[in-house]
Amino acid sequence: MLSRGSNARLSGMAFRSRIPTLLLSMFATFASIYVAGRLWQDAQNRVYLIEELDKITGQGHSAISVDDTLKIIACREQQKKLAALEMELAAAVQKGFTSTRSTETNGTHTKKRPLVVIGILTRFGRNNNRDAIRKAWMGSGGALKNLENQKGIIARFVIGRSANRGDQFDQAIDSENRRTNDFMILDDHVEAPEEYSKKAKLFFAHAAEKWDAEFYAKVNDDVFLNIDAFGATLATHMDKPRVYIGCMKSGEVFSEPGHKWYEPDWWKFGDKRSYFRHASGELYVISQALAKFIMINRAILRTYAHDDVSAGSWFIGLDVKHVDEAKFCCSSWSSGAVCAGV
């Protein structure tokens, strides 16, 4: 028979053994509540993100993961930021046009913005034409540098690459460029007659990326310029932020495949098959804002069979000043003309 003291000790030991068990049970209960709460919160976040994704995409219920959802939302935010930056760029470009040539300051050195970048679109085997242009108005070596530094006129021959990369045609152009250093070689363009419009588009895009000029001009390699008259004419249009200058014309759209001016997309020009007003392809000029527009949107700008029609189509829906400049009609020399075709 146990004594009263023994009973008291056993009762105390039982009470003490129940305390850790009770604490462990309480801890497990709190842990279960915490885990359940976190799981519920994650589930609510998942539902919220999927609902937001549905609002953005307009789709119904989606089985997309939370990680993918976050990536899509982040991508949307980057697109919004890009659109805002493009709008700021367009506004800055528009404000940058003044009645006198703008200047750029780099430390203690002040440099005038170039007046115009001239792209002379040329082809393989046309070295005689290029040499004639160098002698007539473009210059070479020191004369070409003086044209840039003194008159703010940058001139480059524009050409792509051969379909057989590195063949004798590419080698001949590379050799000529090492001697003259007056080419813009479009490594991402393959020379072909049917790709001429894309070549003009790439010229404007690359030129706008490389040079911060007031104007950008496209010229054929059989056109001779009166460079002083050309520069003076452009100077009169510097107050126009978005201007498209050339010998404006329209005309019939030819649907016969064998015709010299055949247009594969003739049916897009309506029943009367007449081109909209556009500058003749021998020589036309666009302002900086339009060159930047081409640079930004080059991947989605449509090209037609002829570069002059293509350029006109890019600007027809924009708030652009079309200037019909008779001095840019290069069919023959006339009083005050700035160009002549040969």
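The dialogue below concerns charged and aromatic side chains in this predicted model.

Student: Why is the contact of E176 and R130 called a salt bridge?

Tutor: The nitrogen-to-oxygen distance for E176 and R130 is 2.9 Å. A salt bridge requires a side-chain nitrogen of Lys or Arg within 4 Å of a carboxyl oxygen of Asp or Glu, so the pair qualifies. E176 belongs to helix 5 (residues 168–180) and R130 to helix 3 (residues 127–138), and the two are 46 residues apart. Both residues are buried.

Student: What makes D170 and R161 a salt bridge?

Tutor: Their distance, N to O, is 3.9 Å. The cut-off is within 4 Å, and therefore this pair also counts. D170 and R161 are both buried.

Student: Which parts of the chain does the salt bridge of R242 and D319 link?

Tutor: These side chains meet at 3.2 Å, N to O. R242 is in the loop between helix 7 (227–235) and strand 8 (243–252), whereas D319 is in the loop between helix 9 (307–315) and strand 10 (321–324). They are 77 residues apart.

Student: Why is R242 called partly exposed, and why is D319 called exposed?

Tutor: R242 has a relative accessibility of 24%. Buried means under 20% and exposed over 50%, so R242 falls in between. D319 has 59%, which is over 50%, and is therefore exposed. Elsewhere, salt bridges with shared partners join R130, D131, R134, E176 and D182 into one network. The search of the whole structure finds 18 salt bridges.

Student: How many aromatic pairs are found, and why is the pair of F203 and F204 called tilted?

Tutor: The search finds eight aromatic pairs. F203 and F204 have 50° between their planes and 5.0 Å centre to centre. Stacked needs under 30 degrees and edge-to-face over 60, so this angle counts as tilted.

Student: What makes the pair of Y244 and Y284 edge-to-face?

Tutor: The angle between the planes is 85°, and the centres are 6.4 Å apart. The centres lie within 6.5 Å and the angle is over 60 degrees, so the pair is edge-to-face. Y244 lies in strand 8 and Y284 in strand 9 (residues 274–287), so the pair ties together parts 40 residues apart in sequence. Both tyrosines are buried. F203, F204, Y244, Y284, W314 and F315 form one aromatic cluster.

Conventions: Residues are numbered from 1 along each chain as its sequence is written. This is a predicted model: local features need pLDDT of at least 70, side-chain atom pairs count only at pLDDT 80 or more; totals for chains, interfaces and linings use all residues. Side-chain values use heavy atoms; hydrogens and water are left out. Helices (H or I, at least four residues) and strands (E, at least two) are DSSP runs, numbered from the N terminus. Buried means under 20% relative accessible area, exposed over 50%, partly exposed in between (1.4 Å probe, protein chains only). Rings of Phe, Tyr and Trp (its six-membered ring) pair if their centres lie within 6.5 Å; planes under 30 degrees apart count as stacked, over 60 as edge-to-face and the rest as tilted.
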